[in-house]
There are 2 protein chains.
Amino acid sequence: MRALVAGGAGFVGSHLVERLVDAGHEVVVVDDFSTGRRENLAAVSHQVTIVDADISDAAAVDAIEGPFDQVYNLASPASPVDYHRLPIHTLMTGSMGVKNTLDLAHAHGARYLLASTSEVYGDPQVHPQPETYLGHVNPVGPRSVYDEAKRFGEAMTAAYRREFGVDTKIVRIFNTFGPRMRVEDGRAIPNFVHQALTGREITVAGDGHQTRSICYVDDLVGGLVAMMESTATGPVNLGNPEEISMIDLATWICDLAESGSQIVHVPRPVDDPQIRRPDITLAGELLGWAPSTTAEIGLKATIEDFRNRR
Amino acid sequence: MRALVAGGAGFVGSHLVERLVDAGHEVVVVDDFSTGRRENLAAVSHQVTIVDADISDAAAVDAIEGPFDQVYNLASPASPVDYHRLPIHTLMTGSMGVKNTLDLAHAHGARYLLASTSEVYGDPQVHPQPETYLGHVNPVGPRSVYDEAKRFGEAMTAAYRREFGVDTKIVRIFNTFGPRMRVEDGRAIPNFVHQALTGREITVAGDGHQTRSICYVDDLVGGLVAMMESTATGPVNLGNPEEISMIDLATWICDLAESGSQIVHVPRPVDDPQIRRPDITLAGELLGWAPSTTAEIGLKATIEDFRNRR
């Protein structure tokens, strides 16, 4: 089996690439390294082909040598810090990047999996969110460069299934954490871990009673592979419905890192999103999938990785 | 003043082109004639430059000779019959077509107006719809090739304003009718007028008590020009909030056309959308705009046009 993983040098992508290599598959990674990093692929660099290309460039994608049985499209800036820095690039990756990789899958008769996001639900007014919830996204707000690009990518993927019969799958990925998150990613877990390991104050927004649902990356990768190997077309939510408050998360990370850091409270940003929590009933029914890693195990592995990278 | 009108050979576009020519402006029309028609520009064909190009083709747009002071982007298949026939083209026009024409406006320092649509509200759960309503669109449904493309186009337009300071404007156009609608357009008014003029049965879906808000095209064009000449950035709704039931509309058209056609009832299609009705408070406040043509005058002009074209 030969797979292409777009965004394979990213946080989630690189874990998926390792899983596919471990299963004995041939893997071609395409990444433009705008947010991905070569060191994420260090463990498998001699076993995979790496193509340095931007998937929104049709000619570059067309030039990638097949054949392929599977195309995983995980390419996109995904943290707010990144997509606010790269707004047009994010819009292009989510639109033309999806079309170009769909064309590639179509040309090779490959299965196609689009990594969409819980951000298609925007600032949801229904909790938890089932796949049938149509979302609450502002098309012209600053976050729309990511949210609307992903919604558009889903529409393009669904159109390729209807028009050309491409065997497409769409998953909507909720908050995920684990080794290889970037310190400068801007999200809570890498922030807290970095602050704990460097002895800085751990900055919790507001009173910290707001909650997050966080899925360990190994669990998520299991869901991606299960979806690709299933007959399901999606959209299917993948995430961990268990909620942790920010203050508990900060305390836990502080303890697990054996850090002397103090926890301090800072003002909540005005656009701090409401909580999103996945309804993963469908993933259970269609894929037999549910996350199984405890937050403690996941956080320990993440702290260990951050410590090793310092 | 020199203006580019993308989609200028279409139903709404051609009325806008005439208005701009009448005001003494130089006009360049770009249209790929996938749904637009050359005969729509018959009255002004010697006064405008017509470029036969698909705006989703970056090189073709880049080759259009400037300078331009204003870019109106009205290019897209807009009726369900058309966008279901041209799904990928619709997605491309609404994404790359918007980006390419934004690049053109940016290069020439031109103002840019995006003709968005009430379809960004999807099947709304709030009536009437103000611009702050975030919509109810299924990203993977058949209509998403149009709805999500338009939402994406709004996101791209807003990003160009934020990133590059392009002087952008977004309007959301609700149901519009008038001369030059195509008989095969598939929507209620052209259907009814054609049936009335050919003496066929007038087919009303269901009991006909469902309502539509319909704006006469001359009124809409006034709103487009007012928006372009204002300091408003939008999104701003443009449409007529007055509601007419389908059965009244059919009866009225039958009478005005002096037709002997019988009105018959046919089953409502399963995806017959819920009513959309614009809240046009913002257009009144920002543009001093409101529709002023009565439905009777608009329908008479439309019937006359359809009669002349037979």
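A salt bridge here is a side-chain nitrogen of Lys or Arg within 4 Å of a carboxyl oxygen of Asp or Glu. Arg151(A) forms one with Glu148(B), where the closest N and O atoms are 2.8 Å apart. Between chain B and chain A the count is two salt bridges.

This is a predicted model, in which local features need pLDDT of at least 70 and side-chain atom pairs count only at pLDDT 80 or more, while totals for chains, interfaces and linings use all residues. Residues are numbered from 1 along each chain as its sequence is written, and side-chain values use heavy atoms, with hydrogens and water left out.

The interface in numbers:

| Item | Value |
|---|---|
| Chain B residues in contact (heavy atoms within 4.5 Å) with chain A | 34 residues |
| Area buried between chain B and chain A | about 2,800 Å² |

Of the area buried here, 74% is on carbon and sulfur atoms. In chain B, Leu134(B), Val140(B) and Phe152(B) lose the most area to chain A, together 22% of what that side buries.

On the side of chain B that touches chain A, helix 4 (87-108), helix 5 (144-164) and strand 6 (168-173) of chain B each give two or more residues. Helices (H or I, at least four residues) and strands (E, at least two) are DSSP runs, numbered from the N terminus. Helix 5 of chain B gives the largest share, 15 residues.

Notes
Chains lettered and ligands numbered in written order. Buried area = accessible area lost by both parts, 1.4 Å probe.
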